[in-house]
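Hello,

As promised, I am handing over the structure for you to look through. My notes on the aromatic residues follow below it.

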Amino acid sequence: MPPVLPDFSNSVKLKYVKLGYQYLVNHILYLLMIPVMVGILIEALRLGPDEILSLWRSLHFDLVQILCSSFLIIFIATVYFMSKPRTIYLVDYACYKPPVTCRVPFSTFMEHSRLILKDKPKSVEFQMRILERSGLGEETCLPPAIHYIPPKPTMEAARGEAELVIFSVMDSLFKKTGLKPKDIDILIVNCSLFSPTPSLSAMVINKYKLRSNIKSFNLSGMGCSAGLISIDLARDLLQVHPNSNAVVVSTEIITPNYYQGNERAMLLPNCLFRMGGAAILLSNRRSQRWLAKYRLVHVVRTHKGADDKAYRCVFEEEDREGKVGINLSKDLMAIAGEALKSNITTIGPLVLPASEQLLFLLTLIGRKIFNPKWKPYIPDFKQAFEHFCIHAGGRAVIDELQKNLQLSAEHVEASRMTLHRFGNTSSSSLWYEIGYIEAKGRMRRGDRVWQIAFGSGFKCNSAVWKCNRTIKKPTDSPWADCIDRYPVHIPEVVKL
Amino acid sequence: MLPNKNRPFPLSLSYASIHCCLLLSEHPVQVLFFTLLVKKMVTKKSMVSVHSMLTAVSSKPVGSGETHPLSVLDHAMGLHTLHVVFYYKKNPFGIFDVDPLRISLSEVLCLYPQVTGRLTRGESGKWSVKCNDAGVRVLRAKVEVSMDEWLRSADGSEEKDLTFWEEIPEEPRTWSPFRIQVNEFEGGGVAFGLSCTHMNADPTSITMLFKSWIENHRQEPIEHPPLFDSATLHHQHAPNTGTKSDIYYATKPNAEIPSVKMVTATFRFSDSAIKKWLGEVRDQCAKATPFELLASLFWTRVAHLKAPKNDRKHSLSICLDFRRIVQPPISLGYFGNALHFSLLTLNEEEMDDVGKLGHVVELVHRHISDVGEGEVWSAVDWLESQKEEGGKYAPPFRMYGPELTCVSMEHMIIGHGSLMFPASFKSGEKPVHVACHVGNVRGEGLIVVLPSAEEGLARTVMVTLPEEEMPELCEDQAIQCLQPTMVISGR
């Protein structure tokens with residue numbers, strides 16, 4: 001609430017005032033329409049049936065007028081339905097569960113680090129401190145090539161990892177949805193750091209013998225938010241092509257990008273990035289109306305690349321010894337906060353209920369006209385969404401967003417637990433988080449989900465989904481064997 | 001990081017030295033000899049090349065990170081290392097990184113948290129294993145020749161390349177005590193070389209680990225699940241001092257052993273040959289086992305080769321596994337050292353004649369039968385009594401040596417077959433050969449009597465002796481009477 005009324009901020013009465021205000025503003029139309037309707041009904045009853053009939057005859061309708069009016073109505077209705085954007089349904093999705101041989105316990109990670117960086121104890125210490133505070137658990141996975149001492153990041157190993165992850169997740173998707181490979185009309189694969197020739201989408205087409213007139217796209221270099229960019233692209237394509245299926249594959253191939261040097265800022269991704277992938281089936285077919293899990297409501301993309309600091313904050317470059325790694329700058333969190341503000345400003349009007357928007361407008365007017373020192377009103381997004389999926393980029397990202405959006409621990413539970421169990425799987429982490437919520441049985445019909453992802457550039461993308469049908473606890477998700485252990489308490493610092 | 005398996009002499013250095021010798025020497029014949037010797041060293045390159053090293057972890061996190069202290073017997077074996085090699089004709093691995101064998105290894109490692117842990121030294125100098133879930137090192141190697149060629153022509157020192165040999169470093173925090181080396185031969189064929197410090201396991205334990213891996217992969221129930229309870233070695237007997245074991249063990253710390261190069265040869269004896277010879281000694285020793293026969297045979301022949309001693313006595317140290325000797329018997333799954341060493345001494349006259357073999361067999365048989373629970377526990381008690389002030393264990397001494405030591409694996413033979421020959425992962429075939437090496441053996445030598453691929457009474461004997469004595473032993477007529485086949489003996 002604006003600081004004009006500070007004394008009431010802890011009062012219980014304020015809660016009821018707030019609730020009353022929200023009901024009033026959100027349902028203003030109903031509240032206005034009901035008295036009007038009641039008035040008309042009373043008037044109609046008072047007049048009696050004969051009076052109403054005579055009123056009707058006095059209007060002198062003739063055939064031409066009736067025909068023109070009905071044509072007009074039909075015309076307007078047709079234009080409305082034709083220009084309405086197609087509804088995009090998310091039929092189902094599958095997440096990758098790595099084999100147990102790829103597991104990386106903390107002690108193994110530190111041991112490899114000590115053996116490989118034996119001349120640089122400070123770098124080893126740094127990695128240990130990062131790992132202790134990372135929020136990761138003991139079951140995250142790295143690809144097989146990284147388990148070697150020293151790691152073997154050959155192109156063959158990278159392709160091997162890509163095949164392992166992508167084919168496994170596609171097979172899982174086919175099994176879940178009953179989709180035939182020949183029915184895929186649009187294929188979008190996004191993998192930021194590994195971009196071979198032929199592309200990964202060509203690899204998928206080759207393996208599953210997809211149709212020759214398929215529309216395939218391969219997005220690379222777009223960072224951790226590329227998953228939502230692919231969804232946006234799929235949505236646009238599905239507007240143009242009627243009656244189509246689109247498969248989006250989001251993954252990050254770690255093998256070729258494991259940093260082999262000892263520059264501290266570049267060792268950070270090694271501690272956080274882990275193996276993972278997801279495949280999503282989107283459709284605009286009306287037959288999927290009752291079968292689909294979610295409906296896509298909005299996708300909002302914000303790009304802060306015009307600002308130089310934002311552009312350079314996640315930068316892939318060579319270190320002093322010529323080894324390539326990703327440099328994360330120190331003001332990453334500040335820039336992420338800025339990008340988030342931009343994104344919220346755009347998405348707010350689309351999703352927030354009228355009560356919140358009115359308050360925000362009033363505060364904005366107040367700040368501009370009366371007193372610029374008023375604190376900006378942060379809309380309560382908990383009113384707009386039931387579930388939040390914040391990209392599990394790291395503990396700091398989740399903490400920052402929890403603070404900025406004033407979310408409770410339960411709202412960010414999906415993100416924290418995904419970070420603990422799977423690590424930062426880049427663009428696919430949002431799907432593991434939705435999988436967590438489903439596995440906990442919390443997804444009900446009509447629930448709205450907000451997915452937020454940050455990416456290099458610097459980008460902040462969001463997607464809003466509405467749950468189409470209450471989802472039973474799935475038996476074939478990667479959470480199936482461990483969901484009962486969650487949520488776990490993640491200590492601030494794990495002693496290594 | 002990878003062990004350097006090549007033993008080349010730097011080429012330029014060797015030729016420079018030859019030139020120097022030619023110039024300085026007055027004896028060209030000696031120089032020529034030296035040149036030839038150097039050339040032989042230059043061209044001698046190992047047939048085994050290790051190309052990768054990785055870490056295999058358990059499929060579930062270990063959890064509590066407990067520290068498991070090693071027993072007093074484990075500490076006593078501290079100077080030695082253990083290496084066991086299983087040869088299979090067919091390589092079960094497909095694509096190594098994603099093979100289901102790797103998954104079954106990870107699952108079985110969940111049962112062995114000590115194997116994936118790391119050694120730590122406490123304040124009192126006591127070793128323990130911290131179960132920190134760090135994993136087991138797996139090495140991959142390629143062998144240039146086919147397995148048949150290897151069994152025919154490689155020698156004992158080359159067989160050592162099939163496993164990993166390294167002493168415990170000063171700081172064992174990042175050092176994996178267990179190593180599994182997968183050696184792939186030309187044209188198919190694979191040898192699994194398992195190695196560990198003798199502190200962590202004895203030959204039975206390490207074989208059971210491998211067997212559990214196979215059983216898990218073949219989805220059979222694990223026959224001997226691991227048991228880590230160190231309380232297993234505590235017993236209710238009253239301490240018994242002054243027994244033969246005490247006296248024997250007390251001689252070990254003070255033994256001075258010169259360091260001599262040792263070589264290993266492997267003799268295979270068939271079921272029929274053993275049966276025939278057991279029949280020959282039946283009237284002197286009715287219940288002789290193949291181990292007793294072979295131990296006596298090799299002891300007498302090796303004693304024959306050695307230089308005569310002052311006291312004209314010969315000693316044999318017999319190493320037995322006491323899991324089945326004590327009451328109640330300890331499960332074969334007990335993971336740790338359960339070995340008992342006992343000394344048998346005979347006069348030279350008793351052993352000299354070939355005809356006296358039956359007599360020696362009888363004496364060995366009686367000695368082994370006499371090794372009972374009392375002896376075993378008194379040895380353990382003696383080791384316990386050697387603790388210094390503050391509970392610190394005494395430094396380890398050489399348990400295998402200085403006398404000729406003979407190790408029995410008869411307890412691994414159950415019925416007609418043996419536990420040392422577990423059926424392969426996918427094809428179900430038995431190993432072609434199993435070898436067992438012990439590191440840091442000094443003194444007169446080591447004889448290990450193992451089961452053989454041929455079932456029944458057939459045995460494989462691995463003999464480690466000083467280099468100059470080995471050729472004579474291989475030619476020995478008494479041994480040749482049993483028609484052994486020589487494998488991995490470089491001929």
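B:Phe425 is buried, because its relative accessible area is 2%, and the cut-off for buried is under 20%. Please keep in mind that this is a predicted model. B:Phe192 also counts as buried, at 0% relative accessibility.

A search of the whole structure finds 38 aromatic pairs over all chains. B:Phe192 and B:Phe425 make up one of the pairs: their ring centres are 5.5 Å apart and their planes meet at 50 degrees, so the pair is tilted.

Another pair to look at is B:Phe269 with B:Phe298, which is edge-to-face, at 5.9 Å centre to centre and 75 degrees between the planes. Here strand 9 (residues 262-269) of chain B supplies B:Phe269, while B:Phe298 belongs to helix 10 (residues 290-305), 29 residues apart. Both B:Phe269 and B:Phe298 are buried.

Ring pairs also build a cluster in chain B, whose members include B:Phe86, B:Phe96, B:Phe192, B:Trp213 and B:Phe425. B:Arg140 lies over the face of B:Phe96, 4.1 Å from the ring centre. In chain A, the charged end of A:Arg312 sits over the ring of A:Phe315, 4.0 Å from its centre.

Finally, an unreviewed UniProt entry places the feature "domain: FAE" at residues 80-368 of chain A. That span is 43% helix and 19% strand, and its end C-alpha atoms lie 38 Å apart.

Best wishes

Key: Residues are numbered from 1 along each chain as its sequence is written. Chains are lettered from A and ligands numbered from 1 in the order in which they are written. This is a predicted model: local features need pLDDT of at least 70, side-chain atom pairs count only at pLDDT 80 or more; totals for chains, interfaces and linings use all residues. Side-chain values use heavy atoms; hydrogens and water are left out. UniProt positions are given in the numbering used here, feature names are shortened, and annotations may be inferred rather than shown by experiment. Helices (H or I, at least four residues) and strands (E, at least two) are DSSP runs, numbered from the N terminus. Rings of Phe, Tyr and Trp (its six-membered ring) pair if their centres lie within 6.5 Å; planes under 30 degrees apart count as stacked, over 60 as edge-to-face and the rest as tilted. Buried means under 20% relative accessible area, exposed over 50%, partly exposed in between (1.4 Å probe, protein chains only). A charge sits over a ring if NZ of Lys or CZ of Arg is within 6 Å of the ring centre and within 35 degrees of the ring normal.
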